[in-house]
Structures are given as C-alpha cells and as structure tokens.
Amino acid sequence: MNTILIIDDHTGFRVKARAILEADGFTVVGEADDGVSGLAAARSIRPDLVLLDIGLPDIEGFDVARELAADGPPPHVVLTSSREASSYGPRLESSRALGFIPKDELSGAAIRALIDGARNGT
C-alpha cells in the first residue's frame with residue numbers, strides 16, 4: 001500500500017503532507033482541495049490510500065469517506081484535522097476510515113501504524 005491521494009482545502013498542508021509522506025517512501029499520486037474533486041480524483045486515480053481532511057468546504061470528510069466506500073473496493077481512508085479526535089466523538093469510531101491522525105502528528109510512521117493495525121485486525 002504505497003500510493004496516496006491527499007484531499008485537503010489548505011494548500012500549505014497539502015505541500016507539507018506530500019513532502020513528509022514522500023520522504024517516508026510513499027508515492028503521492030494526486031491532490032484535491034475539496035470533496036467533489038477529491039471523489040473524482042479517487043475514482044480516476046484509484047490510490048491505495050486517501051488522506052482526507054474532515055473539514056472540507058463543500059462536503060464533510062465523513063461523507064466523502066462514505067461515498068468512497070460505496071464505490072466498490074474502496075481505497076483505505078485516513079482522516080485528518082487540525083482539531084483533536086475528541087472533537088468528533090463517536091463519529092470517528094463509526095466511520096469506515098482506518099483511523100485518524102491530527103495534522104500536526106502526520107508522518108509516514110503514523111500512516112504505516114494504521115495500515116499495520118488494519119492488517120493485523122487491531
């Protein structure tokens with residue numbers, strides 16, 4: 001699982017996330033700045049994983065994740081936000097995402113830990 005699509009409305013975060021993830025051995029295959037273009041990109045690029053901001057300007061990240069899951073074999077989704085996980089309450093647990101990483105804690109190791117947890121059923 002190596003290819004990643006970044007969906008986030010902040011250009012600065014997309015640039016930073018791309019640099020961090022590529023330095024950690026991932027291949028960033030695309031970026032999108034809102035939910036509609038993110039869904040289109042995910043459907044055409046078919047990345048292994050989508051790094052998905054919860055607070056998008058047009059469609060909430062939880063809804064984008066739900067749409068991706070309805071498309072057939074979905075990419076894995078990692079939700080991110082500048083807000084803490086506790087701000088989202090049970091919505092995080094009930095989402096189909098691999099997990100959540102706060103934006104200021106993003107790293108390749110954090111992504112790999114979520115992927116490994118999914119593979120090991122934890």
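This is a predicted model: local features need pLDDT of at least 70, side-chain atom pairs count only at pLDDT 80 or more; totals for chains, interfaces and linings use all residues.
Residues are numbered from 1 along each chain as its sequence is written, and side-chain values use heavy atoms, with hydrogens and water left out.

Let me give the overall layout. The chain contains 5 helices and 5 strands, where helices (H or I, at least four residues) and strands (E, at least two) are DSSP runs numbered from the N terminus. Read from the N terminus on, the elements follow the order β-α-β-α-β-α-β-α-β-α. The radius of gyration, taken over C-alpha atoms, is set beside a globule rule of 2.2 Å times the number of residues to the power 0.38. For this chain the radius of gyration is 13 Å, close to the 14 Å that the rule gives for 122 residues, so the chain is as compact as a globular protein of that length. Along the principal axes, the C-alpha atoms fill a box of roughly 30 × 30 × 30 Å.

Now back to strand β3, which is where leucine 49 sits. Two strands are said to pair if DSSP finds at least two bridges between them. On one hand, β3 is joined to β1 by 4 bridges, and these two strands run parallel; here isoleucine 4 stands opposite leucine 49. On the other hand, 5 bridges join β3 to β4, and these strands also run parallel. Between β3 and β4 the chain crosses through α3, and this β-α-β crossover is right-handed, a term which says that, with the strands pointing away from the viewer, the path from the first strand over the helix to the second runs clockwise.

Is β3 mostly covered or uncovered? It is mostly covered, since 5 of its 5 residues are buried, and buried means under 20% relative accessible area, with exposed being over 50% and partly exposed in between (1.4 Å probe, protein chains only). Both faces of β3 are covered, with Leu49, Leu51 and Asp53 on one side and Val50 and Leu52 on the other. For the chain as a whole, 43% of the 122 residues count as buried.

This brings us to the nonpolar cores, each of them a set of buried Ala, Val, Leu, Ile, Met, Phe, Trp, Tyr and Cys residues joined through side-chain atoms within 4.5 Å. The largest core has 20 residues, and those with the most contacts inside it are Leu52, Val77 and Leu79. At least two residues of this core come from each of β1, α2, β3, α3 and β4, and the largest share, 4 residues, is supplied by α3. Apart from this core lies another, of 15 residues, among them Ile6, Phe26, Val78 and Ile101. A contact here means heavy atoms within 4.5 Å. If we leave aside its neighbours within four places in sequence, leucine 52 is in contact with residues including Ile7, Val64, Val77 and Leu79.

Finally, the charged pairs. How many salt bridges does a search of the whole structure find? The search finds 8, where a salt bridge is a side-chain nitrogen of Lys or Arg within 4 Å of a carboxyl oxygen of Asp or Glu.

One of them joins the side chains of lysine 103 and aspartate 53 at 3.7 Å, N to O. Lysine 103 lies in the loop between β5 and α5 and aspartate 53 in strand β3, so the pair ties together parts that are 50 residues apart in sequence. Lysine 103 is buried at 12% relative accessible area, and aspartate 53 is buried at 3%.

Another salt bridge, at 3.2 Å, N to O, is formed by glutamate 67 and arginine 43. Because glutamate 67 lies in helix α3 and arginine 43 in helix α2, this pair links parts that are 24 residues apart in sequence. Glutamate 67 is partly exposed, at 39% relative accessibility, and arginine 43 is partly exposed too, at 37%.
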